[in-house]
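Thank you all for coming; I would like to walk through one structure with you this morning. Please have a look at it first, and then I will go through it part by part.

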Amino acid sequence: MKPSLTGIVLEELAAFLEKRGAPSYRAKQITDWIYKKRVASFDAMTDLPNELRAELTAEFDTPNSEVVRVLGSKDTTQKFLFRLRDQNLIESVLIPASPALYGQPSDRRTICVSSQVGCAYGCKFCASGLEGWTRNLDAGEIVQQLIEIEQKSGEKIDNVVFMGMGEPLANLRNVLRAIRIINAPWGLGIGARHITVSTSGLAPQIRELAKESTQFRLALSLHGATDKVRSHIMPVNRKYPLKVLLEACDYYVAKKGRLTFEYILIAGVNDTDEQARELAKIARRLSAKINLIPYNTVEGLEWSRPPRARQEKFQSIVRAHGVIATLRREKGHDIAAACGQLRLQTNRAERGVRVSV
Ligand code: SF4
């Protein structure tokens with residue numbers, strides 16, 4: 001497959017042009033067409049010579065993922081189902097401004113993007129892992145989710161979280177490239193403080209990120225504060241148990257400053273007083289803030305969210321240990337926690353498998 005138009009990086013483009021003897025100012029002209037004026041083909045770049053347009057067309061693919069379904073409404077969370085050029089399906093979620101969302105400021109419109117088709121990590125509470133991993137997304141397919149959703153919704157996105165389908169750190173090269181494009185002034189120009197990558201806990205990649213110069217925030221999806229609980233719901237914990245994971249986090253925090261924890265509260269699984277105390281200990285060790293997210297039911301899975309009183313008790317125990325912990329309250333936002341369901345339903349429906357929607 002040719003690299004995609006929306007995965008182009010300025011410096012590489014400059015090198016491509018230099019090899020062909022084209023003037024260097026063309027590089028910025030082209031990235032402006034792609035990321036500012038958002039044209040979908042080189043033919044539309046009317047101030048480029050025809051010959052150069054033909055060369056670019058031969059080298060790069062134009063975006064051809066399309067939105068095939070939208071769920072939700074403008075005032076609440078909206079889910080977008082994309083069909084990619086190889087017919088695979090992915091989901092992205094657009095979340096309106098929220099005071100409690102991922103600890104970010106209240107006036108931001110957030111997109112939750114996917115980084116892979118499916119996921120190999122098989123967390124027991126997640127729809128994205130139910131049919132396994134198919135492939136990595138390239139940087140263009142990640143960036144395209146933002147461009148397409150801004151066009152479809154008419155909203156200006158100013159906060160990006162890699163918390164959709166897939167484990168971003170298992171597709172690190174493409175994710176870092178996408179972040180560069182999303183962050184760069186010649187790209188989408190979204191500030192590094194408003195780009196968050198979430199991981200289920202790939203310890204070696206967390207260490208790698210500590211040395212990475214690309215700027216963004218890191219969130220660790222902890223979801224269990226002891227090995228027993230974490231391994232029960234997140235198979236990745238058997239490979240990188242808490243001791244290994246937290247040492248990688250220590251290293252990351254020493255180099256980069258901070259990370260946050262995501263903790264989905266699941267009734268009777270990880271919502272006990274003891275888990276709250278253990279979670280607080282870990283958070284204090286890493287000076288991490290915690291975002292508590294009440295579980296959103298996934299069809300076909302056995303888990304449920306704890307009653308509101310239990311959620312609040314859990315939060316109060318964590319806070320009593322001097323740790324900052326937010327508890328998400330808005331119902332409409334729960335859709336992000338259930339990422340992967342729409343794709344799963346559509347995939348199964350297309351294969352003729354009966355599902356109740
Ligand atoms: S929670 Fe994340 S890492 Fe775990 S299965 Fe779902 S998408 Fe994969």
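When I speak of contact, I mean heavy atoms within 4.5 Å. What you see is a predicted model, in which local features need pLDDT of at least 70 and side-chain atom pairs count only at pLDDT 80 or more, while totals for chains, interfaces and linings use all residues. Residues are numbered from 1 along each chain as its sequence is written, and side-chain values use heavy atoms, with hydrogens and water left out.

Let me begin with the two domains. The protein is divided into domain 1, residues 5-59, and domain 2, residues 66-350, with bounds that come from an automatic or database domain assignment. Their C-alpha centres lie 34 Å apart, and 13 residues of domain 1 are in contact with 14 residues of domain 2. Between them an area of about 1,200 Å² is buried, 50% of it given by carbon and sulfur atoms; buried area here is the accessible area, taken with a 1.4 Å probe, that two parts lose on being put together, summed over both. On the side of domain 1, T6, Y35 and R38 lose the most area to domain 2, and together they make up 49% of what that side buries.

Now to the charged pairs. Side chains of opposite charge can pair when their charged atoms come close. I count a salt bridge where a side-chain nitrogen of Lys or Arg is within 4 Å of a carboxyl oxygen of Asp or Glu, and by that rule there are three across the interface of domain 1 and domain 2. R180 forms a salt bridge with E11, with the closest N and O atoms 2.6 Å apart. The structure as a whole holds 20 salt bridges, and in one of them the side chains of R177 and E12 meet at 2.6 Å, N to O. Because R177 lies in helix 5 (residues 172-183) and E12 in helix 1, this pair ties together parts that are 165 residues apart in sequence. Helices (H or I, at least four residues) and strands (E, at least two) are DSSP runs, numbered from the N terminus.

Which residues are around the ligand? They are C119, Y121, G122, C123, C126, S128, G166 and S200, each with a heavy atom within 4 Å of it. By class, this shell has four nonpolar, four polar and no charged residues, where Ala, Val, Leu, Ile, Met, Phe, Trp, Tyr, Cys and Pro count as nonpolar, Asp, Glu, Lys and Arg as charged, and the others, Gly among them, as polar.

Finally, consider D138, which lies in the loop between strand 6 (133-136) and helix 4 (139-153). Leaving aside residues up to four places away in sequence, D138 touches S4, R85 and N174.
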